[in-house]
Amino acid sequence: MTLLAMSFVERRVLVYTPTGKDGMLIAKLLERADIERQVCRAASEVIEELERGAGCILIADDALTKEFMKAVTPLLKEQPTWSDLPILVLSKRGLNSSEMRSIYLELGNVTLLERPVQGVTLVMAVISALRGRSRQYEMREIDRRKDEFLAMLAHELRNPLAPIGAASDLLRVAQFDPIRIQQTSEIIARQVKHMTSLIDDLLDASRVSRGLVKLERSQVDARQLVSSAVEQARPLIDARRHRLTVRTPPEAAMIHGDQKRLIQVISNLLNNASKYSPEGSNIMLSLDVELDKVIISVADDGIGMAQATIDHVFEMFTQAERTSDRSQGGLGIGLALVKSLVEQHDGTVSASSPGIGKGSQFAVHLPRLTKPQAHDVPDKLVSAAAAVTGLRMLVVDDNVDAAHMLSLLLDAMGHETMVEHTAKSALERARKEMPEVCLLDIGLPDLDGNDLAKQLRAQPETAHSILVAITGYGQEQDRKKTAESGFDHHLVKPVNMEDLLRVMSELP
């Protein structure tokens with residue numbers, strides 16, 4: 001929220017000097033500086049106006065009477081946590097009594113201006129105070145959006161937990177045939193995948209906003225990006241029975257960018273259009289090529305946006321109005337992620353809407369690559385080969401259920417598994433059994449998983465075993481640490497089966 005975005009009463013300067021002439025002179029000075037002001041003629045008027053709202057108070061020291069302090073102190077103490085009202089005190093030169101110092105401390109956020117004060121000094125002090133006040137209102141807005149986001153996050157995480165809990169209870173108390181068991185396990189798998197995607201969105205937004213994502217650039221045809229993004233968004237579009245129209249040019253639209261991240265940008269825009277449009281609506285995805293740029297736009301005839309929403313739609317923790325059943329889902333951070341990724345590609349993204357109920361349009365502008373770069377090599381899609389079987393594998397995790405389930409899964413894949421829950425027991429078991437593969441949790445109770453890996457590497461029985469880190473931490477520094485500790489692979493919980501199969505396929 002900028003100073004101009006604050007309401008009239010929130011950006012006013014309340015002027016109170018016992019001498020009415022002084023108050024009028026100050027008011028004229030502030031008027032020439034185009035600063036909102038309200039001259040108060042009595043202490044009671046200051047209190048009344050302060051209760052309505054103010055940017056700061058400009059007051060003479062001789063107005064700080066016991067009666068005034070008795071009336072104003074409760075208001076200052078009852079300020080919300082985000083608020084610290086600036087108070088500018090016009091003080092007599094040389095006035096430095098213990099009584100006045102006590103009053104200043106009681107007022108709190110005080111700036112002293114010794115009289116006589118130059119006009120420019122007074123004006124700049126007021127502007128500085130209002131600027132600080134504006135920052136306070138910004139923090140209030142951020143806190144409000146953060147609280148809404150946390151409430152929404154709790155709701156979205158509880159949604160998949162409900163069917164997971166019900167499915168697990170059902171498996172425990174009921175006798176099922178193999179088909180019903182498979183159906184129940186598929187429900188759990190789908191909901192875990194949904195929860196994982198929510199968490200990945202959070203981590204993605206954090207990494208991108210802090211500049212921790214390194215783009216793997218290559219020259220890519222934007223038409224391929226559009227095709228891949230449509231493929232990713234198609235399940236949601238079909239589920240809501242939307243009519244998707246895709247328009248692409250016949251000529252290539254080359255971009256120098258990260259293929260994976262740009263597909264993420266377009267699919268996020270498509271998912272956003274689908275979530276915020278009634279079932280059976282129209283969505284248009286267009287790709288246009290100009291001399292020096294490529295324009296990708298997504299338009300829908302959904303719920304639309306008010307101007308207030310458009311102004312903040314790309315900010316973190318911001319989301320358009322949702323229906324009472326919260327059917328759109330998601331965390332409302334997708335557009336913040338889109339903006340960050342597009343800007344990292346030296347592009348821009350904009351949003352527009354004719355109004356509530358009249359649909360929305362998002363347009364991404366990216367620099368066009370007019371001359372092919374010979375050193376760029378298009379990404380190759382690598383499919384994992386069938387994993388080998390019959391390996392001796394050690395699973396180490398202090399979470400008994402997690403270790404047991406991973407062991408059952410590996411057994412079903414044809415491997416021989418051993419399970420331990422502490423680093424000490426894992427070392428002893430590894431010396432006796434000499435596992436070919438060790439899947440190690442990092443957060444073990446008696447010894448850090450990285451230290452366990454170093455000890456496994458140090459003993460001859462497991463010096464050449466394949467070590468795989470299984471951890472809830474997936475930041476770049478976490479991967480670097482596991483690599484330095486001797487791990488061959490780093491997988492993030494919950495382990496994606498495709499990633500695990502890929503690791504198995506790479507084993508010698």
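Trainee: Where is Pro116 placed?
Mentor: Pro116 sits in the loop between strand S5 (110-115) and H5. Strands (E, at least two residues) and helices (H or I, at least four) are DSSP runs, numbered from the N terminus. The bond joining Arg115 and Pro116 is a cis peptide, with omega at about 0 degrees. Keep in mind that this is a predicted model: local features need pLDDT of at least 70, side-chain atom pairs count only at pLDDT 80 or more, and totals for chains, interfaces and linings use all residues. Residues are numbered from 1 along each chain as its sequence is written, and side-chain values use heavy atoms, with hydrogens and water left out.

Trainee: Which residues form the nonpolar patch on the surface?
Mentor: Like charges are joined within 9 Å, and nonpolar side chains (Val, Leu, Ile, Met, Phe, Trp, Tyr) within 5 Å. Here the patch is Val120, Met124 and Ile127, with about 280 Å² of accessible area together. Areas come from the Shrake-Rupley method with a 1.4 Å probe, and for residues only the protein chains shown count as cover. Ile127 belongs to helix H5 (residues 119-173).

Trainee: Why does Ile127 count as partly exposed?
Mentor: Because its relative accessibility is 38%. Buried means under 20% relative accessible area, exposed over 50%, and partly exposed in between (1.4 Å probe, protein chains only).

Trainee: What is the phi of Asp346?
Mentor: Near 60 degrees, a positive value in a residue other than glycine. Asp346 lies in the loop between H10 and strand S11 (348-352), and Asp346 is exposed at 60% relative accessible area. Met434 also isn't a glycine, and has a positive phi of about 50 degrees. Met434 falls in the loop between helix H12 (423-433) and S15, and is partly exposed at 42%.

Trainee: In what order do the five strands form the open sheet?
Mentor: Strands of a sheet pair through backbone hydrogen bonds, either parallel or antiparallel. Two strands count as paired if DSSP finds at least two bridges between them. Here the order is S14-S13-S15-S16-S17, with parallel pairing. At the edges, strand S14 (416-420) and strand S17 (489-492) each pair on one side only. Further in, S13 (residues 392-396) and S15 (residues 437-441) pair over four bridges, with Val396 opposite Leu440 in S15.

Technical notes
Patches are made of residues with over 30% relative accessible area and no salt bridge: like charges are joined within 9 Å, nonpolar side chains (Val, Leu, Ile, Met, Phe, Trp, Tyr) within 5 Å. A salt bridge is a side-chain nitrogen of Lys or Arg within 4 Å of a carboxyl oxygen of Asp or Glu.
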